[in-house]
Amino acid sequence: MKSKLLLGDSFPEEELKQVTRYADIYRLGEMDDGELDAVLSSIDCVLVHLWPERLNSTRVSKMTKLSVIQSGLAGVNHIPFGDLSREVVVCSNAGGYSDEVGEYAWGLLLAAAKRIVRLDRDVKMSGFKRASTLEVGRDVLILKGKVLGILGYGGIGKAVARFGKAFGMDVIVFSRRATEERGVVSLKGRAGLEKVLRDCDALVLALPLTRSTRGMIGGSELALMKRNAVLVNVARAEIIEEEALYRRLVDNRDFVYATDVWWMKEGRESYSPSLPFLKLDNFIGTPHVSGPSAVVGGGPSRMAVRNLLRFFRGEELLNVVDRSEYA
């Protein structure tokens, strides 16, 4: 008997053709509420990028045969773990975005370190006059020989490290698991985190948002960082305490924060933060485009579908999430 797959978003049709050998596909966007409610009790797997609002806790409770949820995103903090039975296996799409997001992180890092956004804005102002050679050059952070810190050493973190080595930087990483990699110093635990924060000239956040990483970077952690450090976030905004970061940027204009991710409001990322970050010269923000830059090529979607095919074939699933980190 075929499985029944609830499809929440668009995925490559070529890949989905393989799924039809094993499962009947029910497309959420093509069903009205009555049709959706009628099939919920027979659904045994779900494939989504972002968890649909229509699948609220009441509907999830009716999905009594649900076995597997495959996320099209690398992060799974959007999954309603509290509504799921213990038997449901959740798989992330870790590795699906690594090179593209790692590359984008370096775009943000370079823009911040070289003060490109601010200098571009200055040049475009009427009456612009360049400062003296020493004054204007002193603002630019030379990366060769400096320390690159990375929090989180999965696929994205490793891509960031690879670029850092190419720039001649010393790479130091913080991760739950030690890594033995040439040219990388690996640390863990609270002491390891503090050492990365103290030593780095540029820091990239590449951590998933879990119970333990939410609010990980607060005022005391930011105070450990160098006055002219660059902080780049391509993970989740909630890893940093918003008010503490704002105060750090206001009090120290040499410290630069560059982000592609934003704090959530009413279930969605808001590009209008509660505090006036957008008025600060040492804040650089882009509207979460690093992940979509990977989606355009179809790689993440193909990877998610192929992992689901492993489920249908009875093979070991990849990227199974430890639910205790979220529920």
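Contact here means heavy atoms within 4.5 Å. All views show a predicted model.

**Figure 1. Contact between helix α4 and helix α7.** From helix α4 (residues 98-113), the residues Ser98, Asp99, Val101, Gly102, Glu103, Ala105 and Trp106 meet Gly155, Ile156, Ala159, Val160, Arg162, Phe163 and Gly164 of α7. Seven nonpolar, four polar and three charged residues make up this contact of α4 with α7.

**Figure 2. Geometry of the α4 and α7 pair.** Two packed helices are described by the angle between their axes and the distance between the axes. For helix α4 (residues 98-113) and helix α7 (residues 155-166), the angle is about 50° and the axes are 8 Å apart. α4 is therefore oblique to α7. The crossing of these two helices, α4 and α7, is right-handed.

**Figure 3. The five-stranded sheet.** This open sheet has the strand order β2-β1-β3-β4-β5, and its pairing is parallel.

**Figure 4. Pairing of β1 with β2, and the unit they form with α1.** Five bridges join strand β1 (residues 3-7) to strand β2 (residues 23-27) in the parallel sense. Within this pairing, Lys4 has Asp24 of β2 as its bridge partner. Together with helix α1 (residues 13-19), β1 and β2 make a right-handed β-α-β unit.

**Figure 5. Pairing of β4 with β5.** Strand β4 (residues 68-71) pairs with β5 in the parallel sense, over three bridges. Opposite Val68 stands Val89, a residue of β5.

**Figure 6. The seven-stranded sheet.** A further open sheet contains seven strands in the order β8-β7-β6-β9-β10-β11-β14, with parallel pairing. At its edges are β8 (184-187) and β14 (283-285), each of which pairs on one side only. From one strand to the next, the twist averages 15°.

**Figure 7. Pairing of β10 with β11.** Four bridges connect strand β10 (residues 230-233) and strand β11 (residues 256-259), which pair in the parallel sense. Here Leu231 stands opposite Tyr257 of β11.

**Figure 8. Helix α7 on the seven-stranded sheet.** Among the strands of this sheet are β8, β7, β6 and β9. α7 lies across β6 (147-151), β7 (170-174), β8 and β9 (202-205). Relative to β6, α7 runs at about 175°. Helix α7 also meets α4, with Phe163 and Gly164 among the α7 residues in that contact.

Notes:
Residues are numbered from 1 along each chain as its sequence is written. This is a predicted model: local features need pLDDT of at least 70, side-chain atom pairs count only at pLDDT 80 or more; totals for chains, interfaces and linings use all residues. Side-chain values use heavy atoms; hydrogens and water are left out. Two strands pair if DSSP finds at least two bridges between them. A crossover is right-handed if, with the strands pointing away from the viewer, the path from the first strand over the helix to the second runs clockwise. Axes are lines fitted to C-alpha atoms, for helices over the stretch in contact, and angles run from 0 to 180 degrees between N-to-C directions. Angles under 35 degrees count as roughly parallel, over 145 as roughly antiparallel, 65 to 115 as roughly perpendicular and the rest as oblique. A crossing is left-handed if the near helix is turned anticlockwise from the far one by less than a right angle, and right-handed if clockwise. Ala, Val, Leu, Ile, Met, Phe, Trp, Tyr, Cys and Pro count as nonpolar, Asp, Glu, Lys and Arg as charged, and the others, Gly among them, as polar.
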